[in-house]
Amino acid sequence: MAHAPGTDTHPDLTAMLDVVMQMLLYFIMCARLLNEQTNADIKLPASQAARPMTKGEGEVLFLNVNADGKVLALGEPPMTLSAAKYWLEKRAGEYKRDGQVQAAVVVRADKDANYEQVYRVLQACKDKGFRRFKLRAEMRGA
């Protein structure tokens, strides 16, 4: 196909590059958020009965309890139990459907944490309407 002299034959790639950059930033942000949910500083206790999570878990809310008993949640600074209760109340409202909180709470407690504190975190979750809980452990021998 012939073009008139002086016309530009190169396609305008600005829109395509804009979309590619937006997708790249989206995936970078998602990868960062997923890493924050499972804090690497938490050393899980070992268990022979530990199993990996399945894809059918549905909506999941990760809570990490460090060795000092502080609650670590996605994008939040370390919280005391009272601050965690307030935070859980807001999250329960977000996950409420048909009058019930639909999300499962995955608690990842450090093996050196005081388990009275872990129990209090689980009790706070229950008080705010969460009904499904999972405790994470490291597979023994893994």
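Predicted model: local features only at pLDDT ≥ 70, side-chain atom pairs only at ≥ 80, totals over all residues.
## A walk through the chain

Residues are numbered from 1 along each chain as its sequence is written, and side-chain values use heavy atoms, with hydrogens and water left out.

Now step back to the whole chain. Its secondary structure comes to 3 helices and 8 strands, and along the sequence they follow the pattern α-β-β-β-α-β-β-β-α-β-β. Helices (H or I, at least four residues) and strands (E, at least two) are DSSP runs, numbered from the N terminus. Of the 142 residues in the chain, 30% are buried. Take the contacts (heavy atoms within 4.5 Å) between residues at least 6 apart in sequence: 76% of them join residues at least 24 apart.

Two strands pair if DSSP finds at least two bridges between them. Strand 6 (residues 104-109) and strand 7 (residues 132-135) pair in the parallel sense over 4 bridges. You can find alanine 104 opposite arginine 132 in strand 7, and valine 106 opposite lysine 134 in strand 7.

How do you get from strand 6 to strand 7? Together with helix 3 (residues 115-127), these two strands make a right-handed β-α-β unit. Right-handed here is the case where, with the strands pointing away from the viewer, the path from the first strand over the helix to the second runs clockwise.

Helix 3 itself has 13 residues and reaches 18 Å from its first C-alpha to its last, close to the 18 Å expected at 1.5 Å a residue. That expected span is 1.5 Å times one less than the number of residues. Which residues of helix 3 are buried? They are Gln117, Val118, Val121, Ala124 and Cys125. These residues cover an arc of only 120 degrees around the axis, so they sit on the same side of helix 3. The arc is that of the directions from the helix axis to the C-beta atoms. The face turned away from the buried side of helix 3 carries the exposed residues Tyr119 and Asp127. Strand 2, strand 3, helix 2, strand 6 and strand 7 are among the elements that cover the buried residues of helix 3.

Zoom in on glutamine 117 in helix 3, which counts as buried at 16% relative accessibility. Not counting residues up to four places away in sequence, glutamine 117 touches Val65, Gly69 and Leu81. In the loop between strand 6 and helix 3 you'll find alanine 113, buried with a relative accessible area of 7%. Leaving aside neighbours within four places in sequence, alanine 113 is in contact with Val65, Asn66, Ala67 and Val118.

Helix 2 (residues 81-95) has 15 residues and reaches 20 Å from its first C-alpha to its last, close to the 21 Å expected at 1.5 Å a residue. Its buried residues are Leu81, Ala84, Trp87, Leu88, Arg91, Ala92 and Tyr95. They cover an arc of only 145 degrees around the axis, which puts them on the same side of helix 2. On the other side of helix 2, Ser82 and Tyr86 are exposed. The buried residues of helix 2 pack against strand 2 (60-65), strand 3 (71-72), strand 4 (96-97), strand 5 (100-101) and helix 3.

Last stop: tyrosine 95, in helix 2. Tyrosine 95 and valine 60 are 35 residues apart in sequence and 9.6 Å apart in space, C-alpha to C-alpha.

Definitions and conventions. Buried < 20%, exposed > 50% of the residue type's maximum accessible area, 1.4 Å probe, protein only.
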